[in-house]
Structure formats: structure tokens, C-alpha cells
Amino acid sequence: FFNYDYNTDLIALWSGMERMVENGKAKTIGVSNFNEKQIERILKVCKIRPANNQVEIHAYFSNKGIVEYCKSQGITVCAYAPLGSPKRGFGPKDLNEMEDPVIIELSKIYNKSPGQILLRHLIQRGIIVIPKSGNPARIRENFCILDFELQSEDFEKIENLDKNQRSFDLSIPGIPIKKQHPEYPF
């Protein structure tokens with residue numbers, strides 16, 4: 001069984017992170033995979049507000065609720081798996097937004113790769129992106145998304161791809177758990 005600490009105290013953990021800032025060990029602190037209720041609990045007692053919430057966001061999982069909430073609280077949002085991570089995720093393997101006909105069509109119109117189209121879409125939503133790649137050419141390509149802008153109708157085409165489909169559910173395949181952690185955010 002996966003060995004969870006079922007007594008996690010988010011407020012105590014946040015207080016410890018604030019001490020890291022106060023002691024000069026960190027400049028800013030943030031959270032990852034936090035939902036609105038978890039962030040609210042921290043905001044009620046914190047001395048230092050979370051700077052960022054890193055969550056799964058891509059064309060098939062827009063995660064608009066948490067994005068809008070974070071923005072309303074002045075918390076930036078960083079997307080992990082911004083390209084959907086079809087080979088690394090645990091969602092349906094038949095969903096690959098890099099091969100979606102809409103994305104392929106737009107990549108031809110803009111003369112950009114499907115990945116560049118998907119990353120540009122998130123940038124235009126005001127979301128920080130951190131695509132993973134070990135391929136040097138793809139890493140360079142991922143930086144070349146600031147020399148074009150999606151037209152509003154093309155932006156909306158990508159918005160309409162949302163299937164509310166996560167690629168990651170935060171479980172570890174093959175490792176059973178006794179019970180769901182009380183802080184499991186989804």
C-alpha cells in the first residue's frame with residue numbers, strides 16, 4: 001500500500017513554507033494541485049499569499065474554474081501537461097490533442113507545430129506553461145511561440161475542444177491505497 005500521511009496539516013505546512021521565505025531560503029512560495037477550498041483555508045490565515053498554483057491544464061482539460069478563481073485572488077497559474085501528455089498520463093490513450101484535427105488544421109494555417117499552437121493558446125489565456133521535453137529541437141521549438149497570436153475565432157476553436165478529461169489523477173499505477181487522502185483535491 002502507498003504510505004500516505006493521513007494527518008497532513010496544510011496550515012502547518014504553509015506556515016513552515018512562510019518561514020523559508022522569512023529566513024531567505026525561498027523568494028516566493030506556491031501550491032500545486034490545490035482546489036479552491038484548500039487555497040481559501042490558506043488565504044484565511046497566511047502571512048504570505050501563495051504566488052502560484054500549478055495544475056493540469058491543456059486543450060482537453062481547461063480547468064477553467066480553478067484558473068478563474070486563482071486569477072481573482074491574484075495567484076498566477078502554471079499549467080503542467082500543457083500538451084496533454086498522452087504518453088505519460090493515465091487518461092484515455094485515444095485522446096491526443098497533438099493529433100486533434102482542429103489543432104492540425106491550425107498548425108497548417110499558422111505554419112507552426114501542433115505543440116506551438118497548444119502552448120500559444122494557453123499563453124493567450126494568461127497561463128504559464130512548462131512543457132516537458134528531452135528533445136533539444138522540441139525545446140527550442142517550444143520557445144518560438146511569441147512571434148504569432150491566435151485569431152479570436154481560432155482561439156475559440158481550441159476553447160471548444162475541452163472534454164473535461166484529466167491525463168493525471170494523482171494516483172500511482174500499480175500501488176494500491178488504503179483510503180483516499182483527506183486532502184485529495186479532486
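User: In which strand is Asn 53 found?

Analyst: This is a predicted model, in which local features need pLDDT of at least 70, side-chain atom pairs count only at pLDDT 80 or more, and totals for chains, interfaces and linings use all residues. Residues are numbered from 1 along each chain as its sequence is written, and side-chain values use heavy atoms, with hydrogens and water left out. Strands (E, at least two residues) and helices (H or I, at least four) are DSSP runs numbered from the N terminus, and the run at residues 52–56, which holds Asn 53, is strand S2.

User: Is Asn 53 buried or exposed?

Analyst: Buried means under 20% relative accessible area, exposed over 50%, and partly exposed in between, with a 1.4 Å probe and protein chains only. Because its relative accessible area is 0%, Asn 53 is buried.

User: Which backbone nitrogen does the side chain of Asn 53 reach?

Analyst: Contact means heavy atoms within 4.5 Å, and the residues that Asn 53 touches, not counting those up to four places away in sequence, include Asn 33, Thr 76 and Val 77. At 3.4 Å, the side chain of Asn 53 reaches the backbone nitrogen of Asn 33.

User: How far apart in space are Asn 53 and Thr 76, C-alpha to C-alpha?

Analyst: Thr 76 is among the residues that Asn 53 touches. The two residues are 23 residues apart in sequence, while their C-alpha to C-alpha separation in space is 6.4 Å.

User: What is the order of the strands in the open sheet?

Analyst: Two strands pair if DSSP finds at least two bridges between them, and S3 and S4 pair in the parallel sense over 2 bridges. The open sheet has 4 strands with parallel pairing, in the order S1-S2-S3-S4.

Technical notes:
Polar contact = N/O pair within 3.5 Å; in protein donor to acceptor, adjacent residues only side chain to side chain.
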